Amino acid sequence: MLVIAAVLIGAVTWFHFFKGHMIAKYMKAMSNPPQTVSTTVAKLESWQPTVEALGTLRASKQASLSTPVGALVTAIRFDSGEHVRAGQDLVELDPAPLRAQLQQLQAQEQLAQVNLKRDEAQFKVHAISQAVVDTDQATLRADQAGVAAQRALLAQHIISAPFAGRLGLRQVDLGQYLAPGGVAVTLQKLDPMQIDFNVPQNQIELIRVGMKAELSTSAVPGKTYAAKVIAIEPQVDTATRNLTVRAEVPNPGEKLLPGVFASIRLDRSAPQQYLTLPNAAVIYNPYGETVYVVKDEGKGPDGKPHLVAEQRFITTGAQRGDQVAIVKGLKPGDTVVTSGQLKLRNGTPLLINNSVEPSDSPDPTVPDS
């Protein structure tokens with residue numbers, strides 16, 4: 001009887017132990033259930049390094065023509081939108097008061113010349129001292145400087161084109177008082193044009209002065225323009241971590257205008273090998289980019305592979321369409337989760353379903369509606 005009782009007690013104890021073990025196993029499984037995800041394999045691809053950016057066109061030379069003096073407009077010698085040559089007079093302001101002052105200064109200059117000649121003749125016969133002659137010479141130079149300064153003031157009453165180009169809309173009228181600094185008209189040199197655009201810091205190595213580029217804009221649909229990089233800002237903007245680049249675009253027909261929004265594409269000649277993933281596979285965070293790699297932990301109790309998620313930090317590089325280059329953190333052949341990442345954490349069991357895959361096109365297009 002004692003033996004039977006001991007056996008019964010042992011059976012009951014084992015039953016409770018087995019039941020507790022199964023409950024714990026069930027609770028653990030319920031706290032970390034398998035998640036269905038789609039995956040892809042990281043692979044090496046040959047890329048033509050490309051930089052695509054958006055920018056705003058500007059004239060290669062541009063100026064708002066004004067004058068530092070204020071006076072009445074007495075002559076307008078241009079039409080709005082006209083092409084002008086360098087040095088062409090455009091607007092004349094009333095010069096009458098300054099011309100009267102110029103005549104006065106010229107009379108003083110002539111008198112100083114007469115006094116100098118008379119005193120030089122007297123000095124030769126020792127009638128006066130050298131000091132008198134020196135004073136006459138200084139007076140003449142001062143009067144000559146006064147005449148030159150007055151002529152410079154008169155020149156400021158004429159607004160001329162500093163370079164050849166196309167004028168904008170006229171901003172003044174005949175008889176109007178033009179205040180100092182007031183703009184009479186704008187002048188733009190439209191051939192060639194320039195475009196400024198920004199490049200992220202991870203693409204700086206792809207840019208160099210002299211690179212060829214292609215420019216397109218909706219302002220001139222169906223046409224591309226050849227461009228060339230002419231300058232690179234020698235510092236990165238600390239707010240955006242972007243580098244400003246300037247390119248030049250020939251514009252013989254002057255169809256491109258300042259302020260037009262345009263896209264520009266730059267290609268390097270030598271293709272490079274990059275480890276790539278669909279952009280949907282990467283989780284972008286303020287502290288860095290991560291992916292979930294599928295880790296095979298052998299066969300499970302059912303004889304099937306036991307797959308779990310492993311979070312891994314990576315470093316991304318250039319992007320091409322829906323693809324992104326992986327610089328660090330992965331190797332070719334790694335299986336990476338492409339959808340369902342929000343449900344995962346380290347060690348989450350995985351069920352693979354690749355019936356629907358994210359876009360992985362290097363040159364995606366928007367379907368017609």
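Predicted model: local features only at pLDDT ≥ 70, side-chain atom pairs only at ≥ 80, totals over all residues.
How many aromatic pairs does a search of the whole structure find? The search finds 1.

## The aromatic pair

The pair consists of Tyr-287 and Phe-313. Their ring centres are 6.0 Å apart and their planes stand at 65°. The cut-off for edge-to-face is over 60 degrees, so the pair is edge-to-face.

Tyr-287 sits in the loop between β16 (283-285) and β17, while Phe-313 belongs to strand β18. The two residues are 26 residues apart, and the pair links distant parts of the chain. Tyr-287 is exposed because its relative accessible area is 58%, and the cut-off for exposed is over 50%.

## Helix α3 and Gln-150

Helix α3 runs over residues 130-155, which makes 26 residues. From its first C-alpha to its last it reaches 38 Å, close to the 38 Å expected at 1.5 Å a residue. Its buried residues are Val-133, Asp-136, Leu-140, Asp-143, Val-147, Gln-150 and Leu-154. These buried residues pack against α2 (96-124) and β7 (158-160).

Gln-150 is one of the buried residues of α3. Its relative accessibility is 6%, so Gln-150 counts as buried, the limit being under 20%. The side chain of Gln-150 makes a polar contact of 3.1 Å with the side chain of Gln-101. With neighbours within four places in sequence left aside, Gln-150 is in contact with Leu-98, Gln-101, Leu-102 and Leu-105.

Strand β11 covers residues 212-216, and its side chains alternate between two faces. Ala-213 and Leu-215 point to one face and are buried.

Which strands pair with β11? One is β12 (residues 224-232), joined to β11 by 5 bridges in the antiparallel sense. In that strand, Ala-226 is the bridge partner of Glu-214. Another is β14 (residues 261-267), which runs antiparallel to β11 and is joined to it by 4 bridges. Here Ser-216 has Ser-263 as its bridge partner.

## The open sheet

An open sheet is formed by 4 strands in the order β7-β6-β4-β9, with antiparallel pairing. β7 and β9 (177-178) each have a single partner strand, so one side of each is left without a neighbour in the sheet. β7 is also one of the elements against which the buried residues of α3 pack.

Ala-71 stands opposite Leu-178 of β9.

## Salt bridges

The structure holds 10 salt bridges. One of them joins the side chains of Arg-265 and Glu-52, at 2.7 Å from N to O. Arg-265 is in strand β14 and Glu-52 in strand β3 (residues 50-66), and the pair links parts of the chain 213 residues apart. Arg-265 is partly exposed, with a relative accessible area of 35%, whereas Glu-52 counts as exposed at 56% relative accessibility. The side chains of Asp-196 and Arg-246 also meet in a salt bridge, again at 2.7 Å from N to O. Asp-196 lies in strand β10 (residues 183-200) and Arg-246 in strand β13 (residues 242-249), so this pair ties together parts that are 50 residues apart in sequence. Asp-196 is partly exposed, with a relative accessible area of 24%, and Arg-246 is partly exposed, with 29%.

A further salt bridge is formed by Glu-310 and Lys-295, whose closest N and O atoms are 3.8 Å apart. Glu-310 lies in strand β18 (residues 305-320) and Lys-295 in strand β17 (residues 288-299), so the pair ties together parts that are 15 residues apart in sequence. Glu-310 counts as partly exposed at 24% relative accessibility, and Lys-295 counts as partly exposed at 38%. Both belong to one network, in which salt bridges that share partners join Lys-295, Glu-310, Arg-312, Lys-331 and Asp-334.

Conventions:
Residues numbered from 1 in each chain as written. Heavy atoms only, no water. Expected span 1.5 Å × (residues − 1). Buried < 20%, exposed > 50% of the residue type's maximum accessible area, 1.4 Å probe, protein only. Contact = heavy atoms within 4.5 Å. Pairing = 2+ DSSP bridges. Polar contact = N/O pair within 3.5 Å; in protein donor to acceptor, adjacent residues only side chain to side chain. Salt bridge = Lys/Arg side-chain N within 4 Å of Asp/Glu carboxyl O. Phe/Tyr/Trp six-rings, centres within 6.5 Å; stacked < 30°, edge-to-face > 60°.
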